Amino acid sequence: MRGYKLTITSRVNPMKFTLNWLKDHLDTKASVDEIHDALIQLGLEVESIDNPAHKLKDFTVARVVEAFQHPDADKLRVCKVDTGKSVVQVVCGAPNARTGLVGVFAAPGVYIPGTDFTLGKAKIRGVESMGMLCSERELQLSDEHTGIIELPESAAEHLGERYVDVMDIGDPVFDVSVTPNRPDCLGIRGIARDLAALGIGKLKKEDEGFTGKASLKSPVKITLTFDKADADACPVFAGRTIKGVKNGPSPDWMQKRLRAIGLRPINALVDITNYITYDRCRPLHVYDADKLDGGIVVRLGRKGEIGRAHV
């Protein structure tokens, strides 16, 4: 009798959510540690819990009161920065460093998580630099590093105060791994439902959705084209035509939540689809009907194809 060695592997999917986002669905007073332990009991492996309030506690709001060309470097600017306590000199290579900009300041001695080093006093091409104006990547907020963070003008009323407090981004972020047998936990409401069942709070009632009758027939035809072997890849694809939509930036609160879980805000329509995908585990796409040539054909990708954004 021949022996065989069987190896079983299970692919896991990452899922991120913030504590306040979870509380949109779950009425709970449980601590971060209690929620961590409950998630493990539910079979969800907690990869990490990131608390921006702790990681970014030493970064403050500051304003560039003057910016001028470095005397010995074409791509560097010398900035006089009002930290709320004093005006210091910072050498900056960001293309958007300019007079009047409100940004995020790190003083010498502050640990920069995105580049894993502790900032010190320095001379850059012969000019003294007493700190840093930070990019999103240096704060591990995103991969964006082409320029320094630009805060709204209203933040200038809080010079010297903690960046996480002024911008209200001190919301702990949970990063959990979800196995293929738990697709219900690829949405934040699904995780909230399980936590409620375990006794970690009470599941909040869902808002009532659209219950009326559509006022128009969609002019966009949807066709599913799958081989028999792949017929279960997408059993349902539903669409709705919405008129009178004006695109633009999404609300600030939505942008904050998307950034917290590692997504870059794009515009209101795309951000809404990403938000609902994570909130309810309902993958959405949005298309500009005026730019569609024919209907929507749903199929598996082909070798060599690259996905593209539709809005």
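Is Arg257 buried or exposed?

Tutor: In this predicted model, Arg257 is buried, because its relative accessible area is 15% and the cut-off for buried is under 20%. Arg257 forms a salt bridge with Asp24, and the closest N and O atoms of the two are 2.5 Å apart. The partners come from distant parts of the chain, 233 residues apart: Arg257 belongs to helix α6, while Asp24 sits in the loop between α1 (19–22) and β2 (26–27). Asp24 counts as partly exposed, with 40% relative accessibility.

Helix α6 (252–260) is one of the elements that supply at least two lining residues, and β1 (13–18), β3 (45–50), α3 (52–55) and β13 (173–178) are others. With seven residues, α6 gives the most to this lining. By class, the lining has 15 nonpolar, 14 charged and 11 polar residues.

Returning to salt bridges, the count for the model is 15. Another of them joins Arg182 to Asp184, at 2.8 Å from N to O. Arg182 is buried, at 18% relative accessibility, whereas Asp184 is partly exposed, at 32%. Elsewhere, salt bridges link Arg189, Glu206, Asp279 and Arg280 in a network.

Methods: Residues numbered from 1 in each chain as written. Predicted model: local features only at pLDDT ≥ 70, side-chain atom pairs only at ≥ 80, totals over all residues. Heavy atoms only, no water. Helix = DSSP H or I, 4+ residues; strand = E, 2+ residues; numbered from the N terminus. Nonpolar A, V, L, I, M, F, W, Y, C, P; charged D, E, K, R; others polar. Salt bridge = Lys/Arg side-chain N within 4 Å of Asp/Glu carboxyl O. Buried < 20%, exposed > 50% of the residue type's maximum accessible area, 1.4 Å probe, protein only.
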